[in-house]
Each structure stands twice: as structure tokens, then as C-alpha cells.
Amino acid sequence: MGGTYFPPDDKYGRPGFKTVLRRVKEAWDSKKGLLRDSGNNVIQQLSDALSTSETSQELTEGLAQQAVQLCASQLAKGFDSKHGGFGSAPKFPRPVEIQLMLRRYKRLDQAGKETPASKALEMALFTLRCMARGGMHDHVGGGFHRYSVDEYWHVPHFEKMLYDQGQLVNVYLDAFVIWKDTVYSSVSRDILDYLKRDMIDQDGGIYSAEDADSAEFEGAPRKKEGSFYVWTSQEVEEVLGKENAKLFMNHYYVKPGGNCDLSRMSDPHNEFEGKNVLIEREGIPEMASKLGLKVDEYAEILGACREKLFLTRTFRPRPHLDDKVIVAWNGLAISAFARASKVLKAEPKEIKYHFPVTGCDATDYLFVAEKAADFIKSKLYDEGTHRLTHSYRQGPSQAPGFLDDYAFLISGLLDLYEAGGRTKWLSWAIELQSTQDNLFLDKVGGGYFNTPGEDPSILLRLKEDYDGAEPSGNSVSAINMLRLSSIVSGNSSDAYRQTAEHLLAVFEARIKDQAMAVPLMCCAADLLAVPSSKQVVIVGPKSTPNFESLVVASHAPYDPDKTIIQIDPSNKEDTEFWQVHNPTIFAMAQKSPEGKSVAHVCQNFMCNPPISDPITLEQLLRQPPKVPTYKVGVSSKQ
């Protein structure tokens, strides 16, 4: 038996941490030999169970094509059609589930199966809307809390984690790309602007978390969960004035007696009696209509109210800031900031932003991503050994980089390259992948261990596969390698693809039997089933407006299979990289008209004629591909 959290003192029938420690000491004093034997036995059993390996380097035929369907079917059985999400309370924002359902939508849509495609999409979008309206979303300051204790996404555990923010931005961006509803793009901005405002080191590193607890007032003897975030109706009235307070309280379900009453699970111990956690029971258009107001006018009032409450909240004691910079979580955030810098340029020009969204130029997000990457490279990367250090706080930690640090950062760098086009990020990603393989890859049994094999104090080297609140390093690595295989050519491309398939073969039983435990790994298997990823090769002077417009157009359609390559034939770093890593791309760039920006859309070793018009490019990328036939395990050379 074990546990992840124990209160300081015995409470609600649960032993407190001090009681647990006393009992551990008593057991150790009286049964030391028995405990040692039991511990050795447990370690051996765990080692046998977790040392997953596979001699076959190929997935069973057909599984790659079926993986997303298997997972989507399992998730759909637990879908909450009233409140969104997959499963019951407590509800965690598990973005990999949304990624899976959107990929399922895409595959069904490509196959012309409109009704099931629509169902898969709506499950994802409805969940995103419910989360955004819920109290788990910090409506006043932006960002999302850790999880909801009830089925309504209402009363959260108030901690804010960087790994949630980065992943949530990306799925809201995907929803915007598919549906073109600015509700989703605004939520992405809401999260990113929160991070920009509160969570970034002056040198660019992005902090890890904010605690759930804080003092109710200066000098309070004890901290309380959520004190910084909850409101009494009296406080709202005092800050907003009666007229606006009435509108605001009606919109966010604020009540004199408190609003944590939607579910018996919301506040079982009456800790929030008289307090309100803001939640939208209906959307802005519906609420504006009831009052006979225009949507923009109503949204403007709400934004102004939120800003006033935010300013009031700044005078409260803040929760503790965990200002540690963790490489893995920064990788997730780098991906989010980078993708947003291009995806959000598709927002309509007439869009209006409301607090806490700042409405900054989307390009600003790219600068944040690049600064965070520079922070990691300058402070947490050894140029000599090519190794990462896990974290930074007033200096690098002693802990070496783990699998997640390498995998998540590589993923972020690939997105940073596709958005910003700087070849140095692509070169670093390839370099990091090589180091990752040297430190973590099981070259015989397949898959990656979580830790390097150099520390004798580590009793078990595990190969993690569970895609939970954070995706597993193995799932992310499989996708990274498949992406890299579509960027480079020749033996390197084949090697990436073969390593990815061997990894997936290691976890084949998990995909078959418990697909919903590994949604992102199922996405990786699905990507493996694509015989030839679509490449969008943009050639020309990167500093020109038309080049930028072509990059934005490339990001506009939802296509999780495509790779965006940017190359400037006049840039020495670009030409040297592509000469070495993909001579075909290099030759294509050399043949492009000098001084003009064009895009080549390539698939199955065939390219369309070059396109210079961004609208034409976007229309071409939205066209469904021909259904391919591919046997997993067969080299692309055959």
C-alpha cells in the first residue's frame, strides 16, 4: 500500500503524515528482516514486470491504422455528454485525449464519413468549451488550475502547472484551426498571456507552477486552498458597483451564500462556504441575448469587470511561485508559444480582445518561445557533452536530464523551427535526439528508459508509456522521430522511422488492450501508418512579407501529418544544413526563382508546381489526400 498525499494531522478518517512516520518506524524496529526481504521481492517483481522489450521491430500488420479508432472507441464510452470530458470526477485536463479525438475526426473526415467525424469532433470541442467555462479556468487572471474535484469542471485544486498550460494551448489552437471560432483562439491567448505576465524569468526561462494555498490576509496564521482566487458576493459588489456587479454575478453564478453547490463533490467539507468560484453556466451570446445587449458590448463589460477584480486581487497575498525552470515543461510551453505565433495570425482582423487577453501581436509569442529555448541552451545544456541538466533555480540543478526533458524539448524545437524557420533549432533537435538515443534507448529491446543507466542508486529503469496529465516520453519520442524522418533523407530518415516502429512494437499489447491509457502513443502509431508525410517546402527570402504569409497559410489547415520546411537559398546556415541532411530539399531550393517566395507541396515523392499565393496554398492544403496503401515495417525505399 502507498499514498501520494497525507495531511499534516489525522483528519477525516485518514492518517496524518506524522502518524504514518510513527508507524513506519515501529514496523522497521520490529520487523526489519521481513521488510527487507519483502522489499527485495517487490523490486524484483517490478523489474520483471516493467522491463518491457520486444524482439520484433515491427507492429502487427493493421494495428497502426486501427490504434486511433481503438482509443477513440474506448474514450467515447466514458464521454460525459452533459459536462464534457472522458470519465467522472475528479476531472483532469488531459489534452492527449483531445489530440486523439481530433486525429480521429481528421481520419474519418478524410474517409468521407461525415457523421462519425462530426461526433468525434464535437466530443473534443464540447469538452474544451466546458473546461473554458468552468472554475478550473482562472477567468480573472488567465490560465488553468490543476483539476476539478467535481463533474462540472467547477471547483478546482487551485495549483497551476506549466505542463497543463502548454498542452492546453495547443489543443485550443487545434480547435481554432478546425472550427475557426475565436472562442478557442481567445482561450489560447488567455493562457499564453498569463504565462507572459506571471511566469517568465527575466532571462526567458518559464517557471514551473503556482501553489494552490495562500493566506486569506496578510499575517494570517495558516494558508488556505484557493484564497487568492475565490470571491464573496460582497467583494464583487464593492469592486464593480451594483449595476455591473449584478450582470457579472449573474454571468459567473456568484451568490451571497457561495456557489460551490453544483455537486455534492464540489465542497464536501464546506471549506468554501460563502465563497464563489467563478463559472460560466451559459455562453456570452446566450447571456447577452437575455439582456438585450450586443455580444461585443456584453463581452466588453465582462472584460472591464474582470480587470477591476484582477487589480483588486493583486493586493491579496499571492500563492507561492515555484520559480524552478524545468526543461521538459519548458519544451511543452515552447511548442505552444511557437505554434500560436503563426496559427493566431488567422484570427479575423476585426476581432476584439477582452481582459485578461492582451491582444498582442502573435509574433510576440515567437520571441517568447525563442528566448525560452535560448535560456535552456545557455544555462542547462553542455555544448561539450551535448547533455541537458534537468532544471534551473539560481543555477543549474545537480540532476541530469531525464527522457522527458529530451523528448519534450525536441518536440518544442521542431515546432519552433516550423514556426520561425531558424535552422539552428532543427540542428539542435537532431543533436539532442542523438544524445537521447545514447543515454536512454534500449538498442536491443526497443523503447526508451526514463533515466540514464549511469546512476547505481536507481533500482529500476522504467519504460513509461502512460499518457496522463503529461504525455509519456516514449509517446512523444515516437512522434519526434517520425517527424524527423520526414525532414531528413536517406539512411537517417530510415533509422528514425525504424526506431519509432520498434518503440511502438514494445508497447503493442498496451495499444491493443488499453488504448485509452496511451492516446498519444496511438497518435504516433497512426502517424506511422502514413506512408509519406506531406511536406510543405517554403523557399525564398525569409524576411519578406510574402514568405511569412506562406508560412501562416501552411499553419492554417489542421493536418497533424504535415511537415513545414523553410529554406532561404541565400542563407548559408540553411544551405549547409540541407546539403547535408536532405539534398533533395537543397536542390529544390536551388531551382526556385531567385528573390521570390514560393511553396512546394510534396507527398509520395511528388511535388505540386510552386505556389506563390498564400490563399491558393491554403486551399491546396485543405484538399483531402488520396487514401494510401502501406504495410507498416516496409522501408520507404522498397
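Modeller: Happy to! Let me start with a term we will need: two strands count as paired if DSSP finds at least two bridges between them. Keep in mind, too, that this is a predicted model.

The part I would like to show you is strand β12, which covers residues 535–539. It belongs to an open sheet of four strands, in the order β13-β12-β14-β15, and the pairing in this sheet is mixed. The edges are taken by β13 (563–567) and β15 (606–607); each has a single partner strand, so one side of each has no neighbour in the sheet.

Now look at the two partners of β12. In β13 it stands opposite Ile 567, and in β14 it stands opposite Val 598.

Next, the side chains. In a regular strand, side chains alternate between the two faces of the sheet. You can see two groups in β12: Gln 535, Val 537 and Val 539 lie on one side, with Val 536 and Ile 538 on the other, and all of them are buried, which leaves both faces covered. To call a residue buried, we ask for a relative accessible area under 20%. Five of the five residues of β12 pass that test, so the strand is largely enclosed by the rest of the structure.

What does that rest look like? The protein has 23 helices and 15 strands. Its radius of gyration is 25 Å, close to the 26 Å that the globule rule gives for 638 residues, so the protein is as compact as a globular protein of that length. Along the principal axes, the C-alpha trace spans about 75 × 70 × 50 Å. Buried residues make up 54% of the 638. Among contacts between residues at least 6 apart in sequence, 69% join residues at least 24 apart.

The buried ones include Tyr 184, Ile 191, Leu 192 and Asp 198. At the start of the helix, a side-chain oxygen of Asp 181 comes within 2.9 Å of the backbone nitrogen of Val 183.

There is another sheet to compare with ours. Three strands form an open sheet in the order β3-β4-β7, and this time the pairing is antiparallel. Here β3 (160–161) and β7 (321–322) are the edge strands, each with a single partner, so one side of each is left without a neighbour in the sheet. Two bridges link β3 to β4 (residues 209–210), and Lys 160 has Glu 210 in β4 as its bridge partner.

For a last stop, visit Ser 148 in strand β1 (residues 147–148). This serine is buried, with a relative accessible area of 0%. A polar atom of its side chain lies 2.9 Å from the backbone oxygen of Asp 150, and one lies 3.4 Å from the backbone nitrogen of Trp 153. Leaving aside neighbours within four places in sequence, the contacts of Ser 148 include Pro 90, Met 136 and His 154. Pro 90 sits in the loop between α3 (63–77) and α4 (95–110), and a cis peptide bond joins it to Ala 89, with omega about -5°.

Terms used. Residues numbered from 1 in each chain as written. Predicted model: local features only at pLDDT ≥ 70, side-chain atom pairs only at ≥ 80, totals over all residues. Heavy atoms only, no water. Buried < 20%, exposed > 50% of the residue type's maximum accessible area, 1.4 Å probe, protein only. Polar contact = N/O pair within 3.5 Å; in protein donor to acceptor, adjacent residues only side chain to side chain. Rg over C-alpha atoms; globule rule 2.2 N^0.38 Å. Contact = heavy atoms within 4.5 Å.
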